[in-house]
Amino acid sequence: MGALQSSPGEPEYVHLAKRTGFSFQQIGILHRRFKQLSHNEDTLLREHFRKIPDLESNPIRSQIIEAFFDRRNFRQNGEGTVEAIGFEEFLVIMSHFRPPSPHITEEQREAVRRDKLRFLFNMHDTDNDGTITLEEYRHVVEELLSLSGALEKDTAKSIADAAMLEVASISMGHMEPDEFYEGITFEHFLKLLNGFEIESRMNIRFLNMDTTTLCK
């Protein structure tokens with residue numbers, strides 16, 4: 001898919017648009033960004049992402065980069081990671097950062113929200129065991145609170161620490177001294193973040209492209 005020879009309206013673009021929700025024009029723009037980032041090669045490597053200036057100061061830079069190479073994020077029932085990705089995989093990952101269209105139904109919006117939270121969950125379930133540890137969850141909450149820009153870092157951290165303790169209490173109730181809390185499953189992750197507006201806040205910037213603008 002790195003080469004992408006077809007023109008808008010041809011089957012390849014139709015397939016990509018249907019899978020990602022991007023318009024033909026957006027696919028063309030993202031393909032040019034892909035070729036720029038890969039130095040005109042047909043695949044992207046981790047080292048290409050590490051050279052992106054806009055990602056250097058991102059607190060979850062390593063998680064974002066790894067997300068592009070995590071099979072769970074672009075292949076159904078995928079496991080493990082890959083060393084390189086083509087354009088279709090790149091486009092699928094970018095679609096997770098795309099804000100929803102204002103014209104979708106509530107059912108579609110909930111599907112978008114679930115998809116984004118699954119992507120976020122995968123970023124922190126680094127060993128792909130289906131759970132996030134309490135310490136990993138604290139970082140998730142801290143990052144989400146920081147997205148608003150309204151809270152100081154120390155305040156966000158304090159809230160995240162309290163959330164970490166609360167989630168153990170909610171999940172396990174009273175715990176015996178010899179009990180061990182294994183971690184948060186995806187379904188519980190959804191409940192914990194119920195009401196948090198993630199749909200339009202999850203975005204990244206690189207190569208002078210703001211993903212918040214990638215909306216029909």
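Mentor: With the ring pairs. This is a predicted model. By the pairing rule, the count of aromatic pairs comes to ten.

Trainee: Are the planes of Y13 and F24 stacked, tilted or edge-to-face?
Mentor: The ring centres of Y13 and F24 lie 5.8 Å apart. Their planes meet at 80 degrees, and over 60 counts as edge-to-face. So the pair is edge-to-face.

Trainee: Which helices does that pair tie together?
Mentor: The two residues are eleven apart in sequence. Y13 lies in α1 and F24 in α2, so the pair ties together α1 and α2.

Trainee: Is F24 buried, partly exposed or exposed?
Mentor: F24 has 30%. Buried needs under 20% and exposed over 50%. F24 is therefore partly exposed.

Trainee: How are the rings of F49 and F68 arranged?
Mentor: Their centres are 4.5 Å apart. The planes stand at 35 degrees, which falls between the cut-offs of 30 and 60. So the pair is tilted.

Trainee: Where does F68 lie?
Mentor: F49 sits in helix α3, residues 46-50.

Trainee: Which residues does the ring cluster link?
Mentor: F49 is buried at 0% relative accessible area, and F68 is buried at 1%. Both belong to the cluster. Ring pairs link F34, F49, F68, F69, F87 and F90.

Trainee: What lies over the face of F69?
Mentor: F69 is part of that cluster. At 4.5 Å from its ring centre lies R46.

Conventions
Residues are numbered from 1 along each chain as its sequence is written. This is a predicted model: local features need pLDDT of at least 70, side-chain atom pairs count only at pLDDT 80 or more; totals for chains, interfaces and linings use all residues. Side-chain values use heavy atoms; hydrogens and water are left out. Rings of Phe, Tyr and Trp (its six-membered ring) pair if their centres lie within 6.5 Å; planes under 30 degrees apart count as stacked, over 60 as edge-to-face and the rest as tilted. Helices (H or I, at least four residues) and strands (E, at least two) are DSSP runs, numbered from the N terminus. Buried means under 20% relative accessible area, exposed over 50%, partly exposed in between (1.4 Å probe, protein chains only). A charge sits over a ring if NZ of Lys or CZ of Arg is within 6 Å of the ring centre and within 35 degrees of the ring normal.
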